[in-house]
Amino acid sequence: MSQNKLVFTGGGTAGHVVVNLALMPQFINEGYEIHYIGSYEGIERELVEGMNGVTYHGIATGKLRRYMSLENMKDPFRVLKGVMQARKIIKQVKPRLVFSKGGFVSVPVVMASRMAGVPSIIHESDYTPGLANKIATNFAKYILTTFPETNEHLPQKKAINIGAIVRDELFDGDLNRAEEFTGFTREKPTLLVMGGSAGAQSINEAVRSALPQLLNQYQVIHLCGKGKLDDSINQEGYVQYEYVTDELKDLLALSNFVISRAGANAIFEFLALKKPMVLIPLSSQVSRGDQILNAKSFEKRGYAQVLEDEEVTMDSLVHAIQELKQNETTYKQNMEAYQPLKTKDDVVDLIKNTMI
Ligand SMILES: CC(=O)N[C@H]1[C@@H](OP(=O)(O)OP(=O)(O)OC[C@H]2O[C@@H](n3ccc(=O)[nH]c3=O)[C@H](O)[C@@H]2O)O[C@H](CO)[C@@H](O)[C@@H]1O
């Protein structure tokens, strides 16, 4: 059996899985045995379980709720159970390192790795660290950050700014496949709408109400989130999908502009692919406001136009798209000047240099 074993963890939303999806194939190709510790039912299970070369282990996990619920009382016990389960898995697998992409499920795993004397590296995509990663930082060797400003909130010895890690496959989009999948053509420009990995109701509603205006000028690909399809809409030039996996690269290749939430992974993907974007960050009423900071940073660098969630209407959305189109060249020039700080290979090297 291979002595080169790694454990990856992270979940809750796709944003806490995609960096792992970018890194794991590299290690699998080099003959490493990969284990993934996630929740029993989260999106990480869906995205990871079928992958060749990865063994998935489900554990109990708590959840961060920003509202009062009886479930909140049960969470400490679930986290404790998760630590015991993760500890058992780590003892059995004996990995050389644990790599965590954050999210609540990752906390017990990073704690258990520390107990077992296995080093861990965690990754924070957002402008400010989330609660799970703040806790996990205490037990980890390093925390890798996407935005340089994030390091100000973290212990200096542990924080390393690496920039974003984008999946290689996203650069291999194919226009013919996209046309076949959507039924669209290249004659009209295409707008891609992505409300984060789970979809966003406010964006879905605004986009759907703006369709009569938008479809005059654009074709619209709408990634609307699980359970958020609207079957009553059947208009030429509009397609909707709950969530796409392999097809995403092709849909991105066909898209000229993007309307999106401001999740860190998604926006760096659009930047890497030079897609001018309208960002509608998740409001601070329902989150810690990290997406607002992500979006502002992109606006400041001239990559995006930002609309606050509270001001999203049919008219404000159409207006924002018009402005984006008018300034397309400037946005693209700004994005051309962007150079990723470190590559995926640098992170792979860091992992190898930190392994026991
Ligand atoms: C509600 C919530 O907690 N959101 C957080 C979550 O967002 P979320 O899970 O939406 O994460 P991101 O926007 O960062 O990433 C979404 C990922 O899903 C992919 N994708 C999306 C739709 C689809 O159909 N197919 C697909 O593959 C995107 O390409 C991207 O890689 O994690 C982000 C990264 O920590 C945070 O910034 C967000 O605040």
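**Sheet packing and ligand shell**

Colleague: Across which strands does helix α4 lie, and at what angle does the helix run to β4?

Modeller: In this predicted model, helix α4 covers residues 106-115. The helix lies across β1 (5-9), β2 (33-39), β3, β4 (97-100) and β5. Its angle to β4 is about 160°.

Colleague: Which strands does helix α14 touch, and what angle does its direction make with that of β4?

Modeller: Helix α14, residues 344-354, packs on the sheet. The strands touched are β4, β5 and β6. With the direction of β4, that of α14 makes about 145°.

Colleague: In what order do the seven strands of the open sheet run, and which are the edge strands?

Modeller: The pairing is parallel and the order is β3-β2-β1-β4-β5-β6-β7. From one strand to the next the twist averages 25°. Pairing on one side only marks the edge strands, β3 (54-59) and β7 (159-161).

Colleague: What is the bridge partner of Ile121 in β6?

Modeller: Strand β5 (residues 120-124) pairs with strand β6 (residues 142-145) in the parallel sense, over four bridges. In β6, the partner of Ile121 is Tyr142.

Colleague: Which helix gives the most residues to the shell around the ligand?

Modeller: The ligand is surrounded by 23 residues, and the closest are Thr13, Gly15, Gly196, Gly263 and Asn265. Domain 1 (5-166 + 341-354) and domain 2 (169-336) each provide at least three residues of the shell. Two helices, α10 (264-272) and α11 (290-300), each supply at least two. The most, four residues, comes from α10.

Colleague: How many residues of that shell are charged?

Modeller: The shell around the ligand has 10 nonpolar and 10 polar residues. The charged residues number three.

Technical notes. Residues numbered from 1 in each chain as written. Predicted model: local features only at pLDDT ≥ 70, side-chain atom pairs only at ≥ 80, totals over all residues. Near = placed C-beta within 6 Å. Nonpolar A, V, L, I, M, F, W, Y, C, P; charged D, E, K, R; others polar. Domains from an automatic or database assignment. Pairing = 2+ DSSP bridges. Axes fitted to C-alpha atoms, helices over the stretch in contact; angles between N-to-C directions. Contact = placed C-beta atoms within 7 Å.
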